[in-house]
Amino acid sequence: MLGATTLASSQQSQPGWKQNLSEGDRYNHARMFRHALSCYEKAYADPAIKDSADIQLRLLKNLIECYDIVGDGKQLVQANIKLHDLAKAKGQDAYVAMSDFMKGKHMHYQGSKDKGYALCLKSLELLKKSHCPQKEKELALFYGALARMYTRDGLYADALQMSELGEEVARQIQSSEQDRQRALYRAYAIRTNLLTAEGRAAEADSCYAASQRLGVSDFIVQPDLIPYLRQHQMWQEMLDVAQYAKKKMREDGDTCGLLMHMILRDEAEALMGLERYQEAAKSYKDSELINDTLSKQYSQALITTVREAVMQEHQLSRHNLFIVILIAGVIFLLLIGGGIIIHDRLQHRRNKAMTQTIHKLMYYRDHMLKQQIKEKNADETEQKEEETDPDKLRFEAVDHQIMKEELFRNPNFGRDELMRFMGVDKNNLPSIIQRYTGTNVTGYLNGKRMEYAVQLMKEHPEYTLAAIAEACGMKSPTTFIRNFRESYDLTPSEYRKSLEKLPPP
């Protein structure tokens, strides 16, 4: 008596959130999830924990597990987002893994199976690498959920692998013997289901027997045994499973949920097998009443959701109409102003490019005149050439030959041919070209080709771009257009259009 009084006094001296957390853990361990959920929600709402991230993470993790089991999807999503954000901010990888795994599991159930599997497996690897006090217990839950998912999709080999890994980590649980036994029961129950689905009867028998020898039960995974019991017409065992689950759910206050509907149908089927027809009829009736109630609740919830969405949309339209009009006007003005600025810049850019093009053409003409003068006065300048830099003489001679014979029009004319014509090696050629042209070998030859292309476009406006590209030694029209743009800062088509606007010479 004194011990009980001391315990009660100790509990009363604890903070409110701690009392609710402890009470919630006791309900959770007893598989009374709605009671546990109520306690966890009170603890999480307590202002005293707002500065304790560890307590908030623990409570959010417990909340999403309970919301998942009782089927409250809306609250589950909200709590899971809070858990993920807080865990990320605090660098708690274990909680990030738990949040992402829950998200992946529900993505799978909602139809995004590949993405769901990928996120679950990624979360599994993250949990393995993290520091978590009860890592083995959490890993066993992950493996069990994956085994169930794979079984539902008929991926029995993957399901069996997950189940075996779940059994392996379950044996390593150190928190308590009951936790270890319950995790093993979970692994055996899920594996019994998948072996039954796969048609491996002998192994399913062995696995079911192993689950029964543990001496524990968990109504969360007991439905996994139903297909095995149904197949073997073990109606009494099936009835025991259904009635145990019904008892636990009624103790928890869940008398009209989807899970209760399914349990009542299993109970009715077992009673039919035992030829207890009146009781079976009552179970079927109760199941259908729950189904009707759920349908009405779903319809009402859908109507309410649609009505709220419509109301919010109307309010949003009224409150933001002026803002939308204002933003649209600002955007329109910005577009007009931006268009004017861009047009001016493009016009300036085009004028600048045309000026550069004219200068290049004038240089080309002057250069050709100088070369012609050199040829006429070769005898007179012979002595002077002997005194000129030999590299310069060599370059000018080769440059004159290239222009005279239009060697650049050969698309294969390149570095090797220049080396052979100049009589220099590959180490000296780049420096000579750079010294007298200000560019590299490729730029020098492409410059010749682009100058020739400009000449062709002026003299032959009827030529296509493909014909001009081929005539000036470019291997493809695309390469020609790219090099022309790099040389003159405008495309060949734009240059042609600009030629039409130039006054006659």
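Predicted model: local features only at pLDDT ≥ 70, side-chain atom pairs only at ≥ 80, totals over all residues.
Ground rules come first. Local features need pLDDT of at least 70, side-chain atom pairs count only at pLDDT 80 or more, and totals for chains, interfaces and linings use all residues. Numbering runs from 1 along each chain as its sequence is written, and side-chain values use heavy atoms, without hydrogens and water.

Now the overall picture. The protein has 23 helices and zero strands. These are DSSP runs, numbered from the N terminus: H or I with at least four residues for helices, E with at least two for strands. Of the 505 residues, 38% count as buried, meaning under 20% relative accessible area with a 1.4 Å probe, protein chains only.

Next, the helix pair. H13 covers residues 235-251 and H14 covers residues 258-273. Their axes, lines fitted to C-alpha atoms over the stretch in contact, come within 8 Å and cross at roughly 150 degrees. Angles run from 0 to 180 degrees between N-to-C directions. H13 and H14 are therefore roughly antiparallel, the term for angles over 145 degrees.

Who makes the contact, meaning heavy atoms within 4.5 Å? On H13, the residues include Trp235, Met238 and Leu239. On H14, they include Leu259, Met260 and Ile263.

Last, Asn446. Asn446 sits in helix H20, residues 441-459. Is Asn446 buried or exposed? Its relative accessibility is 12%, so Asn446 counts as buried. Beyond neighbours within four places in sequence, Asn446 is in contact with Met474 and Asn483. Gly473 is 27 residues from Asn446 along the chain, and their C-alpha atoms are separated by 8.7 Å.

Notes: Parallel < 35°, antiparallel > 145°, perpendicular 65-115°, else oblique. Contact = heavy atoms within 4.5 Å. Buried < 20%, exposed > 50% of the residue type's maximum accessible area, 1.4 Å probe, protein only.
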